[in-house]
Amino acid sequence: MAEADMDDLIEVIEKEGDVENIPKTLPMMPVRDIVVFTDMLLPLFVGRDKSIKAIEECVGYDRYIFLTAQKDPDVENPGIEDVYEIGTVGRVQKMIKLPDGRIKALVQGIVKAKAVSWLKKRGYFKVEVAFLEEHDPEQMDIQLEALMRNVKENSERLLALKGELSGDIGDLLSHIESPGKLADLVAANLNLRTEDAQGLLELDDTPERLKKVNDLLARELALTTVQAKIQTDVKDEISKNQRDYFLREQVKAIHRELGESDDKAAEIKEFKAKIKRCKLPKEGEEEAIKQLRRLEQMHSDSSEASVIRTYLDTIVELPWSKSSKDVIDIGRAQQVLDKNHCGLEKVKERILEYLSVRKLNPGKKGQIICFVGPPGVGKTSLGQAIAKAMKRKFHRVSLGGIRDEAEIRGHRRTYIGSMPGRILQGLRQCGTNNPVFMLDEIDKLGNDFRGDPSSALLEALDPEQNTSFSDNYLNMPFDLSNVMFILTANIADTIPSALLDRMEMIRIPGYTHQEKIEIARTHLMPRKLRDNGLIRRSISIHPNAMAAIVSEHTLEAGLRELERKLDTICRKIARKIAEGKKGRFTITRRNLTQYLGPPQYLPELDQEESQVGLASGLAWTEVGGEILYIEISLFPGKGELLVTGQIGEVMQESARAALTWTKANQERLGIDKDAFDNHDIHIHVPAGAIPKDGPSAGIAMVTALVSAFTGRPVNNLVAMTGEVSLRGRVLPIGGLKEKALGALRAGIKQVIIPEKNKKDLYDIPKNVKSRLKFTIVRDVSQVLEIALEPAPDQGDMTASDDPETQAPESQTTADQTDTGQDGPV
């Protein structure tokens, strides 16, 4: 066909009704995203080269062309395998060539056909087709007639919902008597996926095809019904909002006429005054004014206005320039600390040093202090005492279990329900920018996919960076340099190293027996009397009874269990008074069991006397120091070593090192040379259900091993701590103060420590050094001379109850050299 002819419109020709006049060899054009049905009239925009050539070539075939759907619409140059075999022979009714080279054609489907062979693939597709003529049932049954009526009614309902129903369409549907024609007409006008439409086209069974069309029509009707309902609801809501807006504007006009102020204008004016009073930094003030202008332009009831209003409230309520005046009186601070805390001299000294520096140089950036100690030793109350001494506000935040970084840095305002982080929330509650801010349980921070809170704390706790702390919600810097941060932890091992580097650790190991008695008498008991509605003269606790409560009913480094026991006593007395009993109730050691029951903590039965193969070690735990018993039993065997008691790899290595040293020195120790070959060794560390590990049980294992092989009992009043090397050297350990307090609670009289831990005796309280004998050793042989008693078969030589008789003359002990000062021996 000439190009000049293509530029002209082609007259619409009458639809062909006789299939025999259609050529069986036709050009083929793939179509995308649509399946052409019979009697379907649709416009096509043809732009691909092959398709343009095919539609131009169809003029030579009486404008007939084979149209088949493309399987993947994204394929630009489809091949044989990219199109369906079954399609529709259509006739081009009208076409026009567009200026950009594309062709717009109006095509009408004539008959369904199948491509049986491909005659040409270059330039354009040319195929031989076989017509798939359909024949309606000769006689309509009731079921088919009902199905046709249902399809017609649903089609009308669907068109009515879409607002497309007209009288002509209703007449057209009512006059269709052929089930196949009805199925094709409805399918052509449904918004079907290509796969579903192609499946309908390929169905030969007319009733089955009509049934499937009915199912698809019902689904489309349901979707359109829901869509129409949503649109109606939205329209109603918009109408309601417009009506409300109109009424509000009328109310505002009435208020203006009456001379009354406008609420929104008053709100904006109030925000401006608050922003000015806050004395924000320049960057913060610019951001606040910007958000205020946005609020001024919004409708007061919009959701965005509510978000901005909350943001502005947060800004104006933060203490940007409001500080409490420090009143630092060192003498008064000393009194406050002594009044609220018994003992803890080193901790008090460090706090007073900090206050002294703050008094002389208020602008100095403060060191971050971290109190590390077991539960119940008064870490939180120390922070409260500091705030009281400085007359500052106090705020505490518990960080235990926090996993989300946004808890520290805040949530971005793009999220619904966003808010500042806990630090800024605390400052907002305090109302000043220099409170004493306690971050509790820093060792129990977590992390997951939401971020690492400990990393977010680095900026807040670093004195070099916290002058411009950035909160995600605030989105402007805030100065935290005036805040006194105090952190607390039970253990320091789980604190990240980068965070640990930014703070000074002050360890609080726990309280001695006498300190607990004094705290119970002066602090805990008066508070419990008030809590239980008792008066001081109604109850009296004898000193011996208080000592029994501390030693026999509690076993802890802190005071929480002691506080609960005193609370129990007060409750029982309160009940007696409520029942009408009168008089003064006196608690003595004899009647203590009536209130608290029998003693709960007594020395273990194994240590009532010195035994062979049983040594007392010392362990450090999260709740303070404890006695760690090492039990060894020998039985006939082949020299194998069995270790039980849920001990970790470090203690297992200590056991093997202890066994190696004992074997290497068996001749000097007087152990039979065949003893190790003829016996298996079982080392057990009770209690078996508690995991244990750490490098401090080596010398206790050596002592128990030598005792088991030589038959010499281990002095039950001697405890020891230290690691052992293969050469017999006693290696240093940590946590000596906590272990010493644990030994004192357990009734130990003498503690053997490594020589390199001599410096740690400086931190041991006076009253502990007066009741415990510390013996310093360098070699494990010295440990054996002190800890082992003579064997029972060595005549009348029996173990003395006084551990001092066991120390060799060459040993330097605490009570021999202690001059009464707190310095090391």
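In which kind of crossing, left-handed or right-handed, does H12 pass H13? The close-ups below take up this question and a few others, all from a predicted model.

**View 1. Helices H12 and H13 pack against each other.** Let's start with the opening question: H12 passes H13 in a right-handed crossing. Two packed helices are described by the angle between their axes and the distance between the axes. Here, H12 (residues 345-360) and H13 (residues 379-390) make an angle of about 35°, and their axes are 12 Å apart. On the H12 side, look for Val347, Ile351 and Leu355; they meet Leu382, Ile386, Ala389 and Met390 of H13. Sorted by class, this contact has 7 nonpolar residues, with no polar and no charged ones.

**View 2. An open sheet is built from 5 strands.** Strands of a sheet pair through backbone hydrogen bonds, either parallel or antiparallel. In this sheet the pairing is parallel, and you can follow the strands in the order S8-S9-S12-S7-S13. Strand S8 (394-398) and strand S13 (503-507) stand at the edges with a single partner strand each, so one side of each has no neighbour in the sheet. From one strand to the next, the twist averages 25°.

**View 3. Strand S7 pairs with S13.** Zoom in on S7 (residues 368-372), which runs parallel to S13 and is joined to S13 by 5 bridges. To find your place, look for Ile368, which stands opposite Met503 in S13.

**View 4. Helices H12 and H15 lie across strands of the sheet.** Helix H15 (residues 422-430) lies across S8, strand S9 (436-440) and S12, running at about 150° to S8.

**View 5. The second largest pocket has a volume of about 590 Å³.** Rolling a probe the size of a water molecule over the atoms shows where empty space is left. This pocket is lined by 25 residues, and Gly378, Ser381, Leu524, Arg527 and Leu559 lie nearest its centre. H13, strand S12 (484-489), helix H18 (513-531) and helix H20 (560-578) each supply at least two residues of the lining. Which of them gives the largest share? That is H18, with 6 residues. By class, the lining divides into 9 nonpolar, 9 polar and 7 charged residues.

Note on methods
Residues numbered from 1 in each chain as written. Predicted model: local features only at pLDDT ≥ 70, side-chain atom pairs only at ≥ 80, totals over all residues. Heavy atoms only, no water. Axes fitted to C-alpha atoms, helices over the stretch in contact; angles between N-to-C directions. Helix = DSSP H or I, 4+ residues; strand = E, 2+ residues; numbered from the N terminus. Left-handed = near helix turned anticlockwise from the far one by under 90°. Contact = heavy atoms within 4.5 Å. Nonpolar A, V, L, I, M, F, W, Y, C, P; charged D, E, K, R; others polar. 1 Å grid on protein atoms, 1.4 Å probe; cavity = no way out; pocket = protein on both sides within 12 Å on 5 of 7 lines; lining within 4 Å. Points joined across faces, edges and corners; volume = space filled by probe spheres on them. Pairing = 2+ DSSP bridges.
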